[in-house]
Amino acid sequence: MHELSIVMSIVETAEEKVKEHHAQTVESIDLIIGDLAGVDSHALDFAWEAAVKNTVLQTAKEKIIHGSAARCIECDCEFQIKELFDVCPLCGEPLLQIIQGKELQIKSMILN
Amino acid sequence: MCATCGCDSDAKVSIHRVEKPQPLNIDTLLLTPIEPAPTPLPNGRKQIDLEQDILLKNNLLAERNRGYFLAKNILAINLVSSPGSGKTALLERTLNDLIGKESIYVIEGDQQTSNDADRIASSGAPVVQINTGKGCHLDSQMISEAVNQLNIQNESILFIENIGNLVCPAMFDLGEQKRVVVISVTEGEDKPLKYPDMFQSSQLCIINKIDLLPYLKFDLEALKSYGRKVNPSIEFMELSCTTGEGVTQWYTWLENQKHRNLQFA
Ligand SMILES: Nc1nc2c(ncn2[C@@H]2O[C@H](COP(=O)(O)OP(=O)(O)OP(=O)(O)O)[C@@H](O)[C@H]2O)c(=O)[nH]1
Ligand SMILES: [Mg+2]
Ligand SMILES: [Zn+2]
Ligand SMILES: [Zn+2]
Ligand SMILES: [Zn+2]
């Protein structure tokens with residue numbers, strides 16, 4: 001359950017930012033969690049509920065932006081990659097450059 | 001021209017007072033990535049565009065650990081596997097075979113017990129136990145604290161036995177130079193496809209318990225091809241910690257990593 005560590009890092013950063021900006025709570029938070037970032041959404045929801053209690057994130061609306069994309073090293077085509085072991089759908093090349101999907105980011109927050 | 005050092009003494013001389021250097025506060029450095037000014041919103045609310053990695057603190061501290069290891073020329077290896085694949089057995093055999101030849105330190109991660117650390121300590125190697133309780137992975141903060149306690153000599157090897165789990169430890173950089181994933185032939189050949197993150201982030205895969213191969217239907221080549229699907233550059237090594245078959249290639253690999261480490265220093 002590394003999802004719990006992830007939520008706890010988010011809570012820690014949120015607490016710091018609220019303090020730094022002399023705010024009271026976080027009204028909303030936007031996260032970018034790529035499809036290949038190794039995060040299970042159910043586990044994340046579960047961890048979120050448990051970890052935000054009595055913190056500045058308790059009532060925050062969370063929005064999660066997902067996505068993934070890869071580029072084939074051989075034929076240069078871009079496509080949506082679902083698994084790390086996917087091959088190029090055009091030429092079958094296994095060597096791919098992952099251009100999106102590994103992100104694990106706090107994009108923005110609205111403080112109140 | 002100055003006779004002593006050959007510098008150009010005709011150039012304009014500049015004399016300036018040198019201020020006492022301000023001590024760097026590493027904690028503020030770690031906590032304050034560059035961040036644009038907040039956007040004011042109605043009713044005194046404000047939006048802050050952080051674009052900050054969620055694991056920023058772990059990653060920064062991991063880089064700090066890595067710098068420490070490089071500076072002291074310590075080869076740090078992060079050993080990961082499912083529970084029971086043989087991480088501790090590999091360490092016991094390695095310590096037994098290399099004692100007196102290499103200076104070796106061990107950090108043992110375990111949720112509850114100190115069983116593995118006790119097994120290592122009986123070999124005489126300095127070992128620190130990290131009990132994570134419910135935590136299913138080690139992180140760079142734990143390693144930093146354990147390293148402080150170990151007081152590692154320069155030119156040593158540090159083995160970190162992570163928690164037996166192929167999911168969570170994949171996400172947490174500890175500052176190691178190499179990640180080694182151990183799989184035993186009693187597990188499924190398709191582990192690399194089920195746990196692609198771990199196999200993608202490892203540089204070496206040790207296939208352990210090959211003494212059991214005659215009794216099992218385990219397809220070594222299938223395992224390797226699945227592993228290469230996820231990570232085309234991963235290396236494989238087959239051995240048995242019980243019989244010692246194949247372990248010399250592991251010692252050769254370690255020796256090569258030490259030299260590679262020196263080149264980077
Ligand atoms: N037959 C055989 N058994 C082995 C071998 N290596 C380890 N074992 C056995 O496998 C079991 C688990 O080994 P450990 O070294 O404790 O495994 P581990 O990866 O450290 O396990 P955790 O720390 O619980 O994740 C022990 O009973 C070992 O004796 C091997 O090469 N051959
Ligand atoms: Mg063990
Ligand atoms: Zn997990
Ligand atoms: Zn974990
Ligand atoms: Zn292609």
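Analyst: Two strands pair if DSSP finds at least two bridges between them, where a strand is a DSSP run of E with at least two residues, a helix is a run of H or I with at least four, and both are numbered from the N terminus. This is a predicted model, in which local features need pLDDT of at least 70 and side-chain atom pairs count only at pLDDT 80 or more, while totals for chains, interfaces and linings use all residues. Residues are numbered from 1 along each chain as its sequence is written, chains are lettered from A and ligands numbered from 1 in the order in which they are written, and side-chain values use heavy atoms, with hydrogens and water left out.

User: In what order do the five strands of the open sheet stand?

Analyst: The order is 2(A)-1(A)-6(A)-2(B)-1(B), with mixed pairing. Strand 2 (61-65) of chain A and strand 1 (39-40) of chain B are the edges, and because each has a single partner strand, one side of each lacks a neighbour in the sheet. Within chain A, strand 1 (residues 26-33) pairs with strand 2 in the parallel sense over five bridges, and Leu31(A) of chain A is opposite Ile64(A) in strand 2.

User: Which protein donors hold the zinc ion (ligand 5)?

Analyst: Donors are N, O and S atoms within 2.8 Å of the metal (3.2 Å for Na, K and Ca), and sites may look incomplete since water is not among the atoms. Here the SG atoms of Cys72(A), Cys75(A), Cys88(A) and Cys91(A) lie 2.3 to 2.4 Å from the zinc ion, and the spacing of these residues in sequence is C-x2-C-x12-C-x2-C. Cys72(A) belongs to strand 3 (residues 69-72) of chain A, whereas Cys91(A) is in the loop between strand 4 (78-79) and strand 5 (96-100), so the pair ties together parts 19 residues apart in sequence.

User: Which angles do the four donor atoms around the zinc ion subtend?

Analyst: Four donors count as tetrahedral if all angles lie between 85 and 135 degrees. The angles at the zinc ion (ligand 5) are 103 to 119 degrees, which makes the arrangement tetrahedral.

User: How many residues surround ligand 1?

Analyst: A residue is near a molecule if one of its heavy atoms lies within 4 Å of it. For ligand 1 there are 19 such residues, the closest being Lys87(B), Thr88(B), Ala89(B), Asp211(B) and Thr242(B). Helix 3 of chain B gives the most to this shell, with three residues.

Terms used. Tetrahedral: all angles 85-135°; square planar, octahedral: opposite > 155°, others 65-115°.
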